[in-house]
There are 2 protein chains.
Amino acid sequence: MEDKLPAFDSAFSIDCVIFGFEAGVLKILLIERNEEPFKDWHALPGSIIKQEESVDDAAERILYELTGLRDLHMEQFHTFGEVHRHPQGRVITVAYYALLRLTGQKELRPVTQFARKAFWHPINDLPKLAFDHSEIFNRSLNKVRRRLSYQPIAFELLPEKFTLTQLQVCYEAILNKKLDKRNFRKKMLSYGFLKPLPEKQKGVSYRAANLYKFDRRKYNKIFQSELS
Amino acid sequence: MEDKLPAFDSAFSIDCVIFGFEAGVLKILLIERNEEPFKDWHALPGSIIKQEESVDDAAERILYELTGLRDLHMEQFHTFGEVHRHPQGRVITVAYYALLRLTGQKELRPVTQFARKAFWHPINDLPKLAFDHSEIFNRSLNKVRRRLSYQPIAFELLPEKFTLTQLQVCYEAILNKKLDKRNFRKKMLSYGFLKPLPEKQKGVSYRAANLYKFDRRKYNKIFQSELS
DNA sequence: AGATAAGGTGTAAAAATTACACCATTAAAT
DNA sequence: ATTTAATGGTGTAATTTTTACACCTTATCT
C-alpha cells in the first residue's frame, strides 16, 4: 500500500490515547482512518503538529479535529522515535493520554476528513491498529496503572455521582484484577475526599447503593502536599 | 544575539541530564557552548536528531559527541514542545536522563566543536542555563526523585563497592532530606540485593566501614516481579 | 592514653495492609 | 404475601511496614 504514496522528509505528530469507562468496561477512543497510509484501519486519534503551535496545543487541536472532543486534560507520557514507524517518512510522535468522563453523552464527530468516524472500543478486545499504535496503547495503559498506584485518578472516569462499587469496578478495570470490597472501601473513605450524598442510586432492580461525590478541593490538598 | 542568526524551519533535538555523584555531592553534566545561540553559555548536552537515526540512538550519539561518554542507560522522561523555546526556529526536544557511576575517572572530552568543554556541576548551585534547560533539569530531578521512591536506582551512581553510609548520603542528595540511619539500613538490607563483602573501606582516619556490592540479578528479580 | 569521628546495632509503638463472612435491603418473580 | 435474586454494606484480628529514638564500638591521630 505504501509504495504509491509520496515520501516526505520528517514530521512531528501527536497520538492520543483517551480512556473512557462505560457499563463497567474500560474503553479507548479509536478512529477509522479515511486516508492512506492505513486507510480504513483503526487507529489512535493522531496527526501532524503545526509549525506555530506548541506540542500541548497541538494535542488538543488534533483530538478535537478527529473526534470533536475538547477541553480534556491530556498528559504526555512518551515520545516514539523509531525511524521506520511511519511508512512514508520520518515521523516522531509525542503520545498523550487522558481519562474522560463519558456522561453527558458527548457526541463523537470528526471535523476533518482524515477520520471517517470516531468510536469507543473496549481495551480487552482491541483490533489491529495502524502504525505502532498498539505499542503506544500498551505503554499508555502501563502509565495509567502506575499512576493509579500513587494517585486515585479513577475519578476522572466516573460521573459526578457514583457508588463505591462503581468506583471499585473502575479500579479493577484499569488494574485488571479483583480487589477486596471491604478493604477497598475502607481505604477510599479514609482519604477523606469522598463526600457521601443524601441520595441513592436509581433504576436498579436491587438494593440501591449510596451515591458519593468527589471533593476535588480536598483531593488536591492531599496530593499536592504529598509531593514534599 | 539571535537577530543575526539564520532562521530555520523546524527540528527535533535531544537534551540529556546526566547525574553523577562525587564526594557526597549530586552533580549533573554541563557543557560550555561554542556556538550561537547562547555561545559561551552553560547548557545541557544536546543537539539535533538526524534523519536516519531513532530518537534513542540520537540520544546516545549526541551525548557521546558532546562529552565523550558512551554506553550509559538513558531514559526518556519528557518532550518539550513550546513554540519559542529556541530563538532561531521551532525545536522540539526529547529529554533524557541517566545516572552515571563516576569511578574509573571517565574523561570528558567533546568530540565535536559544538561544545568547548564538558564538566560536572553540583545541582545545588547551577548557573543560568541556555534555552529552557533549567526547566528541563528541574523536571528531570523530579522524575529521578519519584523513580527513587519505587526503585532504588541510587546504585547506578555508586562505585562497585560502597559503604552503607555512602548509599545513604546518595539517597539524601537525591531526595534532599535527611534519613534515619538505622531505618535506612534495615530497609536496604531487607531487600536482599546487598552483598556484604569481606572487606573494609581503606584510607579513612576513623573506623573503616564494611563494603557492600550490589547484586543485580536479585535486584532484577525483585523489581520485575513487582510490576505484576 | 585520650580525643575524635564515624560505624554499627534493637526495640517498642504506630500505622497500614491483608484476609475473611454474613446480614440487610430492594425489586422482581411466583 | 412470600420467595428469590442480586447487590449493599459492615468489623475484627493478624501481619507487615514504618517510624522514632540512643549508645557502645572501632580505628586513627595526637
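A residue is taken to be near a molecule or strand if its C-beta atom, placed from the backbone, lies within 6 Å of it. The structure is a predicted model, in which local features need pLDDT of at least 70 and side-chain atom pairs count only at pLDDT 80 or more, whereas totals for chains, interfaces and linings use all residues. Residues are numbered from 1 along each chain as its sequence is written, and chains are lettered from A and ligands numbered from 1 in the order in which they are written.

DNA strand C is surrounded by 20 residues, of which Arg207(A), Thr165(B), Arg182(B), Ala209(B) and Asn210(B) are the closest. Two or more residues of this surface come from each of α4 of chain A and α3 (164-175) and α4 of chain B, where helices (H or I, at least four residues) and strands (E, at least two) are DSSP runs, numbered from the N terminus. By class, the surface near DNA strand C comprises five nonpolar residues, six polar and nine charged; Ala, Val, Leu, Ile, Met, Phe, Trp, Tyr, Cys and Pro count as nonpolar, Asp, Glu, Lys and Arg as charged, and the others, Gly among them, as polar.

Around DNA strand D there are 20 residues, and those that come nearest are Thr165(A), Arg182(A), Ala209(A), Asn210(A) and Arg207(B). The elements giving two or more residues to this surface are α3 (164-175) and α4 (181-191) of chain A, together with α4 (181-191) of chain B.

In chain B, three strands form an open sheet in the order β8-β10-β9, with antiparallel pairing, two strands being paired if DSSP finds at least two bridges between them. Strands β8 (161-162) and β9 (194-200) of chain B are the edge strands, each pairing on one side only. Four bridges join β9(B) to the antiparallel β10 (residues 210-214) of chain B, in which Tyr212(B) is the bridge partner of Pro196(B).
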